[in-house]
Amino acid sequence: MFLRDVLATDVEAYLRMRCDPVMMAELGGPLPPAHVTRQVRRDARLAADGTALIKMIVVDDAVAGTVTLWRPAPDDGTAAEIGWMVLPEFQGRGLAKRGVRALLDQARAERRWDTVHAFPAVTNGPSNGICRALGFTPRGEEDVEFNEQVIRTRHWTLDLARPPETGLPR
């Protein structure tokens, strides 16, 4: 497994992840294909100019998912958020956790990110487990708007200035 920047040509992978009702069940439902096509182009620009860390998780030359660290509204000083998705045929292999850990390691090395927030749905056991396993601190539950839906989430934070937890499985 390795991470690479998202490219404008990653449309098929984005469509598979963001237009699929099962993949988007915890995120308010599938997005329209036209929106996703615009989103991948925007994400590729943000990754290329270094505004956000938007990576594709790649296994054996196939895109398995994404992991992203961004500021939702970079000009207003909003907190950094991290999110991830792994395609169904790649789930259950620990790729999301390894991808999140690798991206957090990169963010620490760059020293331009401070506290990272994650907002998995309260019903998303695997994503909440990743937060717990990687040393995020639980901050409670809150409603978050995404995809024009209000989603009940668990709010987690991780201070990147603090060294990573030791003894965590790699």
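A: The protein chain has a radius of gyration of 15 Å, which agrees with the value near 15 Å for a compact globule of 170 residues. That radius is taken over C-alpha atoms, and the globule rule is 2.2 Å times the number of residues to the power 0.38. The C-alpha atoms fill a box of roughly 40 × 35 × 30 Å along the principal axes.

This is a predicted model: local features need pLDDT of at least 70, side-chain atom pairs count only at pLDDT 80 or more, and totals for chains, interfaces and linings use all residues. Residues are numbered from 1 along each chain as its sequence is written, and side-chain values use heavy atoms, with hydrogens and water left out.

The chain has four helices and seven strands. These are DSSP runs numbered from the N terminus (helices: H or I, at least four residues; strands: E, at least two). Their order along the sequence is β-α-α-β-β-β-α-β-α-β-β.

Now the single part: helix H2.

Which residues of H2 are buried? They are Val36, Gln39, Val40, Asp43, Ala44 and Ala47. They cover an arc of only 135 degrees around the axis, so they lie on the same side of H2. The arc is that of the directions from the helix axis to the C-beta atoms. Buried means under 20% relative accessible area, exposed over 50%, and partly exposed in between (1.4 Å probe, protein chains only).

The face turned away from the buried side carries exposed Arg45 and Ala48. What covers the buried residues of H2 includes strand S1 (2–5), helix H1 (11–18) and strand S2 (53–59). Just after H2, glycine 50 takes a positive phi of about 80 degrees.

Back to the whole chain. Of its 170 residues, 41% count as buried. Among contacts (heavy atoms within 4.5 Å) with a separation of 6 or more, 62% join residues 24 or more positions apart.

The largest nonpolar core has 44 residues. Such a core is a set of buried Ala, Val, Leu, Ile, Met, Phe, Trp, Tyr and Cys residues joined through side-chain atoms within 4.5 Å. Those with the most contacts inside it include Met56, Leu69 and Trp84.
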